[in-house]
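Biologist: Hi! Could you help me find my way around this structure?

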Amino acid sequence: MALRTVFSRRTLASLRSGLSSSVTPTGTRSLVTFSLPDLPYDYGALEPAISGEIMQLHHQKHHQTYVTNYNKALEQLEEASNKGDAPAVVKLQSAIKFNGGGHINHSIFWQNLAPVHEGGGEPPKGSLGWAIDEHFGSLEALVSKMNAEGAALQGSGWVWLGLDKELKKLVVDTTPNQDPLVTKGPLIPLIGIDVWEHAYYLQYKNVRPDYLKNIWKVISWKNASKVYEKECP
Amino acid sequence: METVATASLPCALFPRRGKGSPAAGGLASTRRFPYNESKRKCGAGKIAAKFELKPPPYSLDALEPHISQETMSYHWGKHHRGYVEGLNNQIVGTELESMDLEDIISRTYNKGNILPPFNNAAQIWNHDFFWESMNPKGGGKPSGSLLELIERDFGTFEKFTQRFITAASTQFGSGWVWLAYKANRLDVENAVNPCPSEEDKKLVVVKSPNAVNPLIWDYSPLLTIDVWEHAYCLDFQSRRNDYISTFMEKLVSWEVVSNRLEMAKARAAEREREEERRKQEEEHGSTPGDNEATEMYLDSESDESEAE
């Protein structure tokens, strides 16, 4: 039976990483749990593209709930695994996928947004800029394509610009609900846009296309380039 | 008295869905879902026509303070309206144009290989059903045979409520949660239920994603709650659980649910009778249809009769 330390639930490492783990004196690893990452900007910093009200709810309520429930599911999974309770392990998978995916996706989302005065909306330069022109013709074409896919997504989900790390090719794709992009292949997320209604409804109501049009003003291509250049130096 | 013959003989094999319950019309199909009357502007014959946006059975502010007028004005006025307009655009010039909504849903569900009009068609049906599931003075507890069945199949009303609420909280993403009456047949030719019992017909709580609804599984929906975020985020923000509790405590129209249950039971009973007739027909080699046709000719006083 796994030993648990008192520290397993608290964040010892930097809050920014949202990741915590600790090792007991006997060397048995305790459960790794997660915490809500801080935003690198104020809630109101992305206005008028995304309202402060939405940012606060989205971060403090929605994302926090994913983190809380993900941790709960992981604890239950550990217990079930240790007991060899296969049905319980299997039953937990959907909660892990949903809440874990929610935490992963939203952590990416906050990073790939930036206030205008910190470069939000500035077009990509360097190798990512060239790759976009090569694969899509132009930045405008890429944005159009992502907006179309995002608007057409039925129900809840995400629209992504990803890098196929095997083919070294850029792709546009969508995932349903909170499925992370990795579920669609060997893809690294460069830009992710949340098209769940909670991401825009309080401000844009049912007009998702308006939200999509405006969010590009605060997309951080700087962050996307950083991720891209790491994979394609 | 209207005889069947006057209802136009060529259509006897494919009965029109009449207004009201299947009990009202002799040949009303038990496969049709009688809960929504036709919302088309129909002329004298079967003319292809557009679907209309049907208003809820109460004003847009009537569900306050639980569901705001603002929510209703977007939810009904924009989302629901959008589905209606979307479907009308999609079906123009296609075979779907002259079909009933339930038939469009079934055809475009396409056994899981969903065709584009499905989302709009199913969402129209779902929202009509949802508005009618609520009442400004709703909530409380059901009674009569509905309560009996709930207690038979869930133990207690409280346990049912808990099951329903849990399902609604754990429908990950957009979708709907339903109380439904499940009385479907095995859809394979020589599959026979070896121990038929009354409990084969039972109440179930089911979840469905996005636009999917239990019609596609051949269940009879009795009650639904919309758990797409647009249904509650203006009034409850992220607090889906509060929305669900409010719905159960203050808004559910148990009277409507009871009526739907009666209709579902009647539909199941009619199906069993059809099944019996078909079994007898196979055993005795006669076609009841012929007999009925003969009776029509003998009894009818219309000009179409050949009985002179």
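Predicted model: local features only at pLDDT ≥ 70, side-chain atom pairs only at ≥ 80, totals over all residues.

Modeller: Happy to! Let's begin with a pair of residues: A:Asp164 stands opposite A:Lys169 in E4(A). Residues are numbered from 1 along each chain as written, chains are lettered from A and ligands numbered from 1 in the order written, and side-chain values use heavy atoms, without hydrogens and water.

Biologist: Which strand pairs with E4(A), and over how many bridges?

Modeller: Strand E3 of chain A, residues 157–164, pairs with E4(A), residues 169–176, in the antiparallel sense over 8 bridges. Strands (E, at least two residues) and helices (H or I, at least four) are DSSP runs, numbered from the N terminus. Two strands pair if DSSP finds at least two bridges between them.

Biologist: Which residue is the bridge partner of A:Trp160?

Modeller: A:Asp173, which sits in E4(A).

Biologist: And how many residues lie between E3(A) and E4(A)?

Modeller: There are 4, and the two strands form a hairpin. In the turn, A:Lys168 has a positive phi of about 55°.

Biologist: In what order do the strands of that sheet come?

Modeller: E4-E3-E5 in chain A, as an open sheet of 3 strands with antiparallel pairing. E4 and E5 (187–194) each have a single partner strand, so one side of each is left without a neighbour in the sheet. On average, neighbouring strands here are turned by 25° against each other, direction ignored.

Biologist: Which strands does H4(A) lie across?

Modeller: H4(A) lies across E3, E4 and E5 of chain A, and runs at about 80° to E4(A). Angles run from 0 to 180 degrees between N-to-C directions, and axes are lines fitted to C-alpha atoms, for helices over the stretch in contact.

Biologist: At what angle do H4 and H8 of chain A pack?

Modeller: About 90°, with the axes of H4(A), residues 126–136, and H8(A), residues 221–231, lying 8 Å apart. The two helices are therefore roughly perpendicular to each other. That label covers 65 to 115 degrees; under 35 is roughly parallel, over 145 roughly antiparallel and the rest oblique.

Biologist: Which residues meet there?

Modeller: From H4(A) come A:Ser127, A:Leu128, A:Ala131 and A:Ile132, and they meet A:Trp221, A:Ala224, A:Ser225, A:Tyr228 and A:Glu229 of H8(A). Contact means heavy atoms within 4.5 Å. By class, this contact has 6 nonpolar, 2 polar and 1 charged residues. Here Ala, Val, Leu, Ile, Met, Phe, Trp, Tyr, Cys and Pro count as nonpolar, Asp, Glu, Lys and Arg as charged, and the others, Gly among them, as polar.

Biologist: Switching to chain B: what is the order of the strands in the open sheet there?

Modeller: The 3 strands run E2-E1-E3, again with antiparallel pairing. At the edges are E2(B), residues 202–209, and E3(B), residues 220–226, each pairing on one side only. From one strand to the next, the twist averages 20°.

Biologist: Over how many bridges do E1 and E2 of chain B pair?

Modeller: Over 8 bridges, in the antiparallel sense, with E1(B) spanning residues 175–182. As an example to find on screen, B:Ala180 stands opposite B:Val204 in E2(B).

Biologist: Which helix packs on that sheet?

Modeller: H8(B), residues 254–284, touches E1, E2 and E3 of chain B. Its direction makes about 150° with that of E3(B).

Biologist: Last one: where is B:Asp218?

Modeller: In the loop between E2 and E3 of chain B. B:Asp218 has a phi near 65°, a positive value in a residue other than glycine.
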